[in-house]
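Reader: Could you take me through this fold and say what backs up each label?

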Amino acid sequence: MTDTWPYLDVHQSRTHEPTPYEYKLASTLEDVFAKEGHELADVVRGLNARQVHAADGTPWTEESFRAEMNRLGA
């Protein structure tokens, strides 16, 4: 970050350091977006195929993914 205006702090809305779960989810989402698509069904299928499950360890559904993105503020 620079000290002159205008500047951008890429983490300006972050309220905490990401957890290992959040880092893994983000990294896997980047891979899914790059290789499989951006549609919700593609994302859910890609996460489950890579065995990157929800925080409670269950496989993703479209509903649980939406809820988690809402919880994370994404």
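Author: Here are the labels, each set against its definition.

This is a predicted model, where local features need pLDDT of at least 70, side-chain atom pairs count only at pLDDT 80 or more, and totals for chains, interfaces and linings use all residues. Residues are numbered from 1 along each chain as its sequence is written, and side-chain values use heavy atoms, with hydrogens and water left out.

Reader: What makes up the secondary structure of the protein chain?

Author: Three helices and zero strands, running α-α-α from the N terminus on. Helices here are DSSP runs (H or I, at least four residues), strands are E runs of at least two, and both are numbered from the N terminus.

Reader: Why are H1 and H2 called oblique to each other?

Author: The axes of H1 (residues 20-35) and H2 (residues 40-49) cross at roughly 120 degrees and come within 9 Å. Axes are lines fitted to C-alpha atoms, for helices over the stretch in contact, and angles run from 0 to 180 degrees between N-to-C directions. Under 35 degrees is roughly parallel, over 145 roughly antiparallel, 65 to 115 roughly perpendicular, and the rest oblique. So H1 and H2 are oblique.

Reader: Which residues make that contact of H1 and H2?

Author: Leu25, Thr28, Leu29, Val32 and Phe33 of H1 meet Asp42, Val43, Gly46 and Leu47 of H2, contact meaning heavy atoms within 4.5 Å.

Reader: And why are H1 and H3 oblique to each other?

Author: H1 and H3 pack at about 120 degrees, with their axes 13 Å apart. On that scale, H1 and H3 are therefore oblique too. The H1 side of the contact is Tyr21, Glu22, Leu25 and Leu29, and the H3 side is Phe65, Glu68, Met69, Arg71 and Leu72.

Reader: What makes the largest nonpolar core a core?

Author: A nonpolar core is a set of buried Ala, Val, Leu, Ile, Met, Phe, Trp, Tyr and Cys residues joined through side-chain atoms within 4.5 Å. Buried means under 20% relative accessible area, exposed over 50%, partly exposed in between (1.4 Å probe, protein chains only). The largest such set has 11 residues: Leu25, Leu29, Val32, Val43, Val44, Leu47, Val52, Ala54, Trp60, Phe65 and Met69. H1, H2 and H3 (62-72) each supply at least two residues of this core.

Reader: What does Val43 touch?

Author: Leaving out residues up to four places away in sequence, Val43 touches Leu29, Val32, Phe33, Gly37, His38 and Phe65.

Reader: How much of the protein chain counts as buried?

Author: Of its 74 residues, 24%.
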